[in-house]
Amino acid sequence: MSEIRLQVQNVCKSFGITKALKDVSFNINKGEVHALIGENGSGKSTLTNSLTGIYQKDSGKFILDGEEIHPKNQVEANNAGVSIIVQELGTLDGLTVAENIFLGHEERFVKMGIKNTNAMNREANALLKQYGFDRIKASEMVEHYNFEDRKLVEIVKATYFDPKIVVIDETTTALSQEGREELYKQMNSIRDKGNTVIFISHDLPEVLRMSDTITVLRDGVYIDTVKSADIDEDGLKKLMVGREVTGHYYRTDYGEKISDEVVMSVRNVTVPGQIHDISFDLHKGEILGFGGLSESGMHEIGKACFGASFDREGSVTLADGTQIKDIPTAIKHSIAYTSKDRDNESIVINQSIRENICLPSLDELANGMHLLSDKKMKEFANKHAAEMSTKMQSVEQFVSDLSGGNKQKVVLARWIGKDSDILVLDSPTRGIDIKVKQDIYQLMDRMRKEGKSIIMISEELMELIGMCDRIIIMKDGAISNELMRDPDMDENYLIASMV
Amino acid sequence: MASSNETKTKKGMSGTVKGYLILFGLVVLSWAIFKILTPGNFGSPANLLSYFEASLLAAVGAVGFYFVMVMGMFDFSIGANIMLSAIVGCVFATRFGLGYAGLIVGSIITGAIVGLLNGFFYVKLRIPSMIVTTGLALIYESVANYIAGGVEQTLPSSLRALGQMPGNMILAVLAFVLAYVLLNYTKIGTYTYAIGSNEFVAKNMGINVNLYKVLAFVISGAFFGIMAVLTISYGSSMVAVTGMASMSRNFVPTMGCFFGLAFKKYGMPLPAIIIGEFVINIIFFGFIALGAPTAIQDVITGLALLIVVTMTTKVTKGEIVK
Amino acid sequence: MAGKNNIAADSKELALKKQSRMSLIRAALPIVGLVVVFLVFNILTHGGLWASRNLVLNQVYVTMISATGVFFIMTMGGLDFSQGSILGIASIVVCLLSGVNMGLAILGGIASGAAIGAINGYFYVNRKIKSFIVTICTMFLFRGFIKYMASNSPVAANMRVYDFDTMPIKLGLTVVVLAVAYVVFRYTKFGVYLKAIGAGEKAAKFAGIRTDRMKFFIYVLAGAITGLAAFINIAKNGSATANVGNQLETQILIALVLGGMPISGGAKVRFENVIVGALLYTVLNNGLTMMGLTTQTMQLVQGVIFLIFVAIFADRESLSVIK
């Protein structure tokens, strides 16, 4: 049996009234990749953030190699031998690569208050070379590098000092295949050195492939720790949700013919730097999927169809000949859009649910004198929020208080209220737990049957395969492949046309 | 990939050169325009030196203020700070008979205290810096008024060496060197950029964000203290105004800072501030040489800042600006 | 499990109650403050404040009308420091045109205010410059023009403007502006849109609001409203000096903050902020003057009270990073 590296003992953490972690205890061994999984809000990130000093736990202990640690920030955590790579960008513009790598650890380059920049750059360059990232230069400003390279800088920053534990918090979702492979390589090399990786991911196949041991959390409570070899995806889902996922997850029909009626026709659309010369048709009652790497331009397609792209060339035309050139026109002609960046682009976060749902429908809600009544707005919002079974106290509650899944329900309630016929859904299930995901899939299937057309953009290939009548694969801003719905469609086949 | 980065580095090298070229181009251009318009009483080498001396005042304040602006904060109490610091310095030098030491130490300490208060209230009250400093400026103006007792504070001619060559130049160069070292060769500089880039990430890296924000305000305040020394030495007296009239002193240092922010990408923010202030002064004195009425000076100041900001602001589509 | 849920629900309810209590306090404080300040000063001045109520009221009109426009601007998260200069320029225009025709003078004031508002709007919306920077620039720029125009002698209006210096006209105009603004803000999509822009501009745009057009229009509108206030200002004073409208922007800012306006705008603003704020500010100022406070002491008191109120009403949850 392998040795214990970290003991998590009775850790509790609350945010105001929400208990994010309730008495969590388990052990993590040396030389393993230990995955931490659970639905959104299950407390995974809270736990690792408490371990790495980003949050302070309320009670309980972290015992690392027999000694209790309580870091107050990431630097103290680093010094104790724990580091973290976060989901979002963890590098800072305006600083050089070297300054980023050694941020918070400048002391050894500082003499009498004066910083020795040359020594710092020399050491950073040596490290980058050692990792095989020679193309990144220590003295260069970090903003001159793309997202992937900046993630590599973060990997160096988090691992160069051979920490005993490296936390990787949902980093892979943001990376391309190439970047993922690089990260996997690093994970394996950390394990091979006898150190430990704590790996957080929503992607269950990835978790099963990469990790040795898996710990499941649910609602801030420790559920179980299992060996990856002893469990499959369904078993994990069951542990995460706490019951069998009943009913069908995706739609189950195959072989239905797509209507010939074209509701939206996209011709030669180019958005500089994003997508190039894209043309396709969307049919009535169809779910059209767009897949690809995050940077493939597929997210821009959603914006282009909604009139939200800047400097767009080419045309987006509806069946009645209407040209979609801006957002108000798109909405007026029954197009709905949910953004990947939900908190900034889909909902007005510091606003009530009522006003969020009513926002595009105010003209319909106003009376002959263009006046609005609170009562009418409230009824409207209540009706559509209830239709989506949104969990809330009242429609006057602010959206910022809701979970990711319920936020998305508010967004969808808004467009159902507007009775949109064409829905452009960009990453509709991103960061949403399984139960709400299922609700959204069912809603999409229902809408399709009602004759509404849906464009679904997603980085999750499984849901594209499960839900779409047609899938268009994007690569480097252009269409690289198009596939029809097929029960035997293989994920790997899609990946092949993505990279 | 490797080769593309190679060119990037080269571009970075020529970036600084490009920055200097643009700035010197501006100097020559602004000089040439007014030289053509009023060849007689403008733009001789001696004139240019005096314009440069005048530009040192605001440049000294601006290099300090840069620390605050890089972090994305703002300060509406600049004018009030300069006024208060100059009056305290003057009182120390004359009423308490402490001479130059009193003037310099009194002004700088007062400036730093004002900065400390700005930073403290901003951090503690957690409201936008622009708003906090507006409220505090009301208070500073009133305090300056109390200290001055409603009388114009005049610096005796025996204490005005810092208003002329070489005193002003020495003090200014010392200030520039200090700012340069702080920005490039200490943790403060690194952390200033880190906080300006992303506060959350900076905080997670163990940087005490609030501490460094307060520190930025203290540095900025102290540099405005130096600016106060130069201002009262140059102008020989200071009136304590009320009703936010001190705001008019905010403009010129702020303009310089916008130059600094705009040229940050060329890796030369501080030289850009100094040369930028020089350009602004050439234009000012150019208008004076043209015989523009004094009231129009305000118009020029407002317009100049608007133009500087317009030219240095990159219009990014879809960006949210408040 | 059920018990746990109940506890969670209970504590959630408690927190919600606390939240609503906080918002109740925030809503009530300015009004209570107004009443208390009014009573205290009346006692301290032995009813002097009440006796000079017409004088006090006379100072409210301009501030309150122009604060209405700034209220719209601040609701969508912007700021406007050029209001004093707008009032100044518009006042000069009113004076110059009053000799020709009174109706033309009113329209001229409104048009010149709107024009400056349009300049603000252009640089803010099209050039993407922060609103406070744009407006301090235009404040200074137009202040220069005012000084230039009125430096030797004040710009005098036609004597007939004094015909409009009556309580019914001034109060009536103020009430009309406020009533229209209230209905539009509270009961049309305009108000919902403004709050949405303040609470999340990008999302507002994706919900179909033409945010840029709206922002530009609001700056023009605020300029026009202050242009209208310039007419009352000239009816009161008869001429425009070099100092006309000086510091109006600070007064408006302080007034709105005293009225309970969250400085970042958004969903939590209420129209009452304008009325209560302008009244509270004027009563406070007059009370302090009657108490015999000097200018600098008054300014000290103003500064302190301003900071206290900003601190109380700041909507910190909506500001993820406070700059």
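Chain A holds 18 helices and 21 strands, where helices (H or I, at least four residues) and strands (E, at least two) are DSSP runs numbered from the N terminus. Keep in mind that this is a predicted model: local features need pLDDT of at least 70, side-chain atom pairs count only at pLDDT 80 or more, and totals for chains, interfaces and linings use all residues. As for labels, residues are numbered from 1 along each chain as its sequence is written, while chains are lettered from A and ligands numbered from 1 in the order in which they are written.

Let's start with the overall dimensions of chain A. Its C-alpha trace spans about 70 × 50 × 45 Å along the principal axes. The radius of gyration, taken over C-alpha atoms, is 24 Å. A compact globule of 499 residues would have a value near 23 Å, so chain A agrees with that expectation; the globule rule here is 2.2 Å times the number of residues to the power 0.38.

Inside the chain, buried residues account for 48% of the 499. Buried means 20 or more other C-beta atoms within 10 Å of a residue's own, with C-beta atoms placed from the backbone. Now take the contacts, that is, residue pairs whose C-beta atoms, placed from the backbone, lie within 7 Å. Of those in chain A between residues at least 6 apart in sequence, 68% join residues at least 24 apart.

Next, the domains. Chain A is assigned domain 1 (4–241) and domain 2 (262–498), with bounds that come from an automatic or database domain assignment. Their centres, taken over C-alpha atoms, are 33 Å apart. Nine residues of domain 1 of chain A and 11 residues of domain 2 of chain A make up the contact. On the domain 1 side, helix α8 (residues 233–241) of chain A gives the largest share, three residues. That side has three nonpolar, four polar and two charged residues. In this scheme Ala, Val, Leu, Ile, Met, Phe, Trp, Tyr, Cys and Pro count as nonpolar, Asp, Glu, Lys and Arg as charged, and the others, Gly among them, as polar.

On to the neighbours. Chain A meets chain B through 23 residues on each chain. On the chain A side, α2 (74–80) and β8 (114–115) are the elements giving two or more residues, and α2(A) gives the most, with three. By class, that side has eight nonpolar, seven polar and eight charged residues.

Methods. Contact = placed C-beta atoms within 7 Å. Buried ≥ 20, exposed ≤ 12 C-beta atoms within 10 Å, placed from the backbone.
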